[in-house]
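Have the structure open as you read.

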Amino acid sequence: MRRQNYRTRAVILSVLLLVILMAIYLSGIFITEDMILGSFLEAKLPPDFQHFFGTDALGRDLFLRTLKGLSVSITIGLAASFISGIIAVLVGIGVACGSKKTEEAITWVIDLFMGIPHIVLIMLISFALGRGFWGVLIGISFTHWCGLARVIRAEVLQLKSEPYVAISKKLGKSGSWIMVHHMLPHLTGQILVGLILMFPHAVLHEASLSFLGFGLSPEQPAIGIILAESMRYLSTGMWWMAVLPGLLLVILVLLIDKLGHLLRIIWDPYSSQG
Amino acid sequence: MKMTGRKLIDIFIRNSIKMLSLLLAVSFLSFLLVSLSPIDPVGQYILGLQTAVSPEQRAEIEEYWGVNEPPVERYFHWLTEVLQGELGESVIYRRPVAEIIGERFINSLALMLCAWLISGIFGFILGIVMGRYYDRWPDKILKKICYILSSMPTFWIGLLLLLIFGVWLKWFPIGFSSPIGVLSRDVSLGEKIYHLILPAFTLSLMSFSGIALHTREKLWDVMNSDYVLFARTRGEDEWTILKRHGIRNVILPALTLQFSSFAELFGGSVIAENVFSYPGLGSAVSAAGLQSDLSLLLGITLFSALFVCTGNMIANLLYRIVDPGIREVKE
């Protein structure tokens, strides 16, 4: 086969990654509660061919539980990306069309959200919503936009000082026309890549929060809860309960991260050769 | 020189005002969030008492806590108390919040300082190595390691370390910052350090990849600059160039980044302290959140915001004052 160029390879690889991620997500949806329901006869088994990840203290298959937990993580990551995307666009518009005062106000709000450690803020929001799934979902969705918003703000400020924007203004084009024709083409790629690179952060925070006990209730499948349970059995030498689900989580995060970098390559015209 | 001195004070004052406004907003935001919660703190408190409480007694507690006051009034009431240094009493520890924060912050500070120094120094050295051998095999291997480490959840790194060093090698105890059955004031310094190693190691593993990758990029930029090319043509050897031009140019941005990472450091310490049951602020804040200890939760939130804002301010000042390039532009 002829060696494909860098960009074509990036497209093929990113489609492949997307398919894998979809597979993890869908498998989590199709795994029903009673498939996870285990028996005490099979409790605390080390990994073998029947149970890839072994079983936990209640005899539940850890591989299935992990998959289901990861699909919950992906849902929360998607929600966080969606809301952050909206906020990032709003910030972009605000900085581009607003006055200096608006820009300063936006910077202040970003600084406010950056001023409280994320975990503490998510804890507070989750507490405000009475903990549980929605607490974590909303907590994570409304804390992860700052980084991207900061990047977008800097980008818009830079675009505003470009000669072609100034010329466009002198030619009598309106602010919204400039926004659509000169700014958005630059920003869409940034926002898209930024959202995908934010996804792993959201997933990791979800895992941390449910690990601490703020997320889903203990009988629900969540990667953090599986790992929190595993802590209790660590000293008895049941390593698989901690190592394998965590490993799958890390692989998931790495895959999404890779996807983000590939998309950046696809979007960036300079990287198409090579 | 006079000019810079005045500018220094000017920047300091402007930053302080901003910090105060942010802290005030944090206090309002956190109070708002806590008041919105459907979780009933009085009910949780009574549950914690584990004795039967009559409706009259409950009403008395509510009266004492000011449950029936309007929220705005309650906020200002709380804020005036906080400004006087009165953070209230913790429900779970049954001690003044200020005292708990003071005591636990020292523990957390030891942990965070260790991790901060380790991750800063090692991250910087690795970043220099990576930037020096950009795109060659040492860089490729180290970059992979950095990416993988930054994709690992902190608590999982902690669990793995606990498994390897605690369960398999038996070098370290599993959890608890002091030996079981010994009063906390009798614990020797050596034992404290012994129990600090694993959490500090976890925390530094979490945070060093950021600084390493950042330094790598910066050094690569410097090494490709015209002045380095000129130094090469003059016949300076690689080590001198690295020492004179590379490290000097990279150390400041790295230091700034390290100071502005206090938020992540604190967040990481929440996780690490919970995994290793280390008695710091992080384990206290999650306990407060889970057991609805409002005054402790609010107190630590404010304190953590103060901590993070201080870091950001130091980063800002460093950035503005020490770098002559930026100082010139700002004139």
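1. In this predicted model, the count of aromatic pairs over all chains comes to 17. The edge-to-face label applies because the planes are over 60 degrees apart.

2. That pair links distant parts of the chain: B:Trp116 sits in helix H5 (residues 97-132) of chain B and B:Phe262 in helix H11 (residues 262-275), 146 residues apart.

3. Now have a look at B:Phe266 and B:Phe307. Their ring centres are 6.1 Å apart and their planes meet at 55 degrees, so this pair is tilted. Here again distant parts of the chain are linked, with B:Phe266 in helix H11 and B:Phe307 in helix H13 (residues 294-322) of chain B, 41 residues apart. B:Phe266 is buried at 0% relative accessibility, and B:Phe307 is buried with 13%.

4. Both pairs belong to a bigger picture. B:Trp116, B:Phe262, B:Phe266 and B:Phe307 are among the members of one aromatic cluster, which also includes B:Phe105, B:Phe259 and B:Phe303.

5. Finally, two spots where a charge sits over a ring. In chain A, A:Lys173 lies over the face of A:Trp177, at 4.6 Å from the ring centre. In chain B, you'll find B:Arg132 over the face of B:Tyr133, at 5.2 Å from the ring centre.

Methods
Residues are numbered from 1 along each chain as its sequence is written. Chains are lettered from A and ligands numbered from 1 in the order in which they are written. This is a predicted model: local features need pLDDT of at least 70, side-chain atom pairs count only at pLDDT 80 or more; totals for chains, interfaces and linings use all residues. Side-chain values use heavy atoms; hydrogens and water are left out. Rings of Phe, Tyr and Trp (its six-membered ring) pair if their centres lie within 6.5 Å; planes under 30 degrees apart count as stacked, over 60 as edge-to-face and the rest as tilted. Helices (H or I, at least four residues) and strands (E, at least two) are DSSP runs, numbered from the N terminus. Buried means under 20% relative accessible area, exposed over 50%, partly exposed in between (1.4 Å probe, protein chains only). A charge sits over a ring if NZ of Lys or CZ of Arg is within 6 Å of the ring centre and within 35 degrees of the ring normal.
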